[in-house]
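Let's take a walk through this structure together, one spot at a time.

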Amino acid sequence: MKTLIIEDDRDLALAIAEYLELHRVECDFAYTGASGITLAFQQHYDCLILDNMLPKVQGIDVCRQLRANGIDTPILMLTACDTEGDQMEGFNAGVDDYVIKPCTMPLLLARLNALYRRRHPERECIRITDLRIYPKEHRAIRAEQELKLTPTSWKILLFLARRSPAVVSRNEIVEHVWPGEEVEEGTVNVHLHQLRKVVDKPFKQLLIHTHVGVGLSLCGGTL
């Protein structure tokens with residue numbers, strides 16, 4: 001995470017940076033509102049920590065200028081201005097979070113991480129050895145190669161992945177992929193063959209395993 005600290009108290013800014021950098025947060029500094037605006041335009045930041053009581057250009061005005069010019073970087077206002085009116089003014093100006101000084105470093109880090117998570121939600125990813133499946137994106141990648149799957153192959157793969165390493169019967173696959181339909185065994189075999197052709201054939205290790213008389217599983221290792 002890369003953060004810009006806009007704070008005129010240099011000792012405080014340095015103390016914040018020293019703590020955050022222990023937790024893998026890269027920090028830049030601006031000691032005036034004007035220099036903070038310039039850096040926010042020039043660089044990409046994941047979050048801004050902004051004091052309100054700055055010389056010449058106050059933090060509230062920094063926030064307003066950034067928002068007016070399309071900068072939507074999350075802003076955490078860290079200030080001694082502690083009235084409800086101060087906080088309302090901050091949020092109305094476009095601040096994403098408002099923390100009142102004095103504040104402990106662990107709490108500041110927690111609030112910063114919360115802002116980062118809102119902007120960068122973790123993608124759901126199912127990992128099975130070198131296979132990565134991203135359900136929401138309908139993407140599957142194996143050994144850094146994008147797998148080109150038919151809609152039916154995708155449904156089967158995702159079903160097996162969500163149940164991995166359990167063995168799934170053919171009836172369960174049919175009920176999940178073709179609910180309420182009568183599907184011939186040959187049709188199922190064709191789609192399973194297509195799936196294996198994409199997921200396993202180009203690679204040394206097989207991930208789709210047949211358990212005779214029981215069903216299929218998707219997992220690493222030799223069964």
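This is a predicted model: local features need pLDDT of at least 70, side-chain atom pairs count only at pLDDT 80 or more; totals for chains, interfaces and linings use all residues.

Setting aside neighbours within four places in sequence, Ile-126 is in contact with Leu-131, Arg-132, Ile-133, Pro-135, Leu-158, Ala-161 and Arg-162. Ile-126 belongs to strand β6, which covers residues 126-128. Is Ile-126 buried or exposed? Its relative accessible area is 15%, and buried means under 20%, so Ile-126 is buried. Now look back along the chain to Leu-115: 11 residues separate Leu-115 from Ile-126, and their C-alpha atoms are 25 Å apart.

One of the contacts of Ile-126 is Leu-158, so let's hop over there. Leu-158 is part of helix α6. With a relative accessible area of 16%, Leu-158 is buried. If you skip residues up to four places away in sequence, Leu-158 touches Ile-126, Ile-133 and Pro-135. Arg-117 is another story: 41 residues along the chain from Leu-158, with 26 Å between the two C-alpha atoms.

Stay with helix α6 and pick out Thr-152, which lies in that helix. Thr-152 is buried, at 19% relative accessible area. Leaving out residues up to four places away in sequence, Thr-152 touches Val-177, Trp-178 and His-191.

Next, see how α6 meets another helix. The axes of α6 (residues 151-163) and α8 (residues 185-199) come within 9 Å and cross at roughly 75°. Angles of 65 to 115 degrees count as roughly perpendicular, and therefore so do these two helices. On the α6 side, the contact is made by Thr-152, Ser-153, Ile-156, Leu-157 and Leu-160, while α8 brings His-191, Leu-192, Gln-194, Leu-195 and Val-199. Sort the residues of this contact and you get 6 nonpolar, 4 polar and no charged.

Time for some rings. A pair of aromatic rings is described by the distance of the centres and the angle of the planes. How many aromatic pairs does the structure hold? There are 2. In the pair of Phe-29 and Tyr-31, the ring centres are 6.1 Å apart and the planes are at 15°, so this pair is stacked. Phe-29 is partly exposed at 28% relative accessibility, and Tyr-31 is partly exposed too, at 26%. The pair of Phe-91 and Tyr-98 is tilted, with 6.2 Å from centre to centre and 45° between the planes. Here Phe-91 is partly exposed at 38%, whereas Tyr-98 is buried at 6%.

Finally, check a few details of the backbone. The peptide bond from Lys-101 to Pro-102 is cis, with omega near -5°, and Pro-102 is in the loop between β5 and α5. Ser-164 and Pro-165 are also joined by a cis peptide bond, with omega about 5°; look for Pro-165 in the loop between α6 and α7. Lys-56 is not a glycine, yet it has a positive phi of about 70°. You'll find Lys-56 in the loop between β3 and α3, exposed with a relative accessible area of 89%. Glu-144, in the loop between β8 and β9, has a positive phi as well, near 65°. Glu-144 is exposed, at 63% relative accessible area.

Notes: Residues are numbered from 1 along each chain as its sequence is written. Side-chain values use heavy atoms; hydrogens and water are left out. Rings of Phe, Tyr and Trp (its six-membered ring) pair if their centres lie within 6.5 Å; planes under 30 degrees apart count as stacked, over 60 as edge-to-face and the rest as tilted. Buried means under 20% relative accessible area, exposed over 50%, partly exposed in between (1.4 Å probe, protein chains only). Axes are lines fitted to C-alpha atoms, for helices over the stretch in contact, and angles run from 0 to 180 degrees between N-to-C directions. Helices (H or I, at least four residues) and strands (E, at least two) are DSSP runs, numbered from the N terminus. Angles under 35 degrees count as roughly parallel, over 145 as roughly antiparallel, 65 to 115 as roughly perpendicular and the rest as oblique. Contact means heavy atoms within 4.5 Å. Ala, Val, Leu, Ile, Met, Phe, Trp, Tyr, Cys and Pro count as nonpolar, Asp, Glu, Lys and Arg as charged, and the others, Gly among them, as polar.
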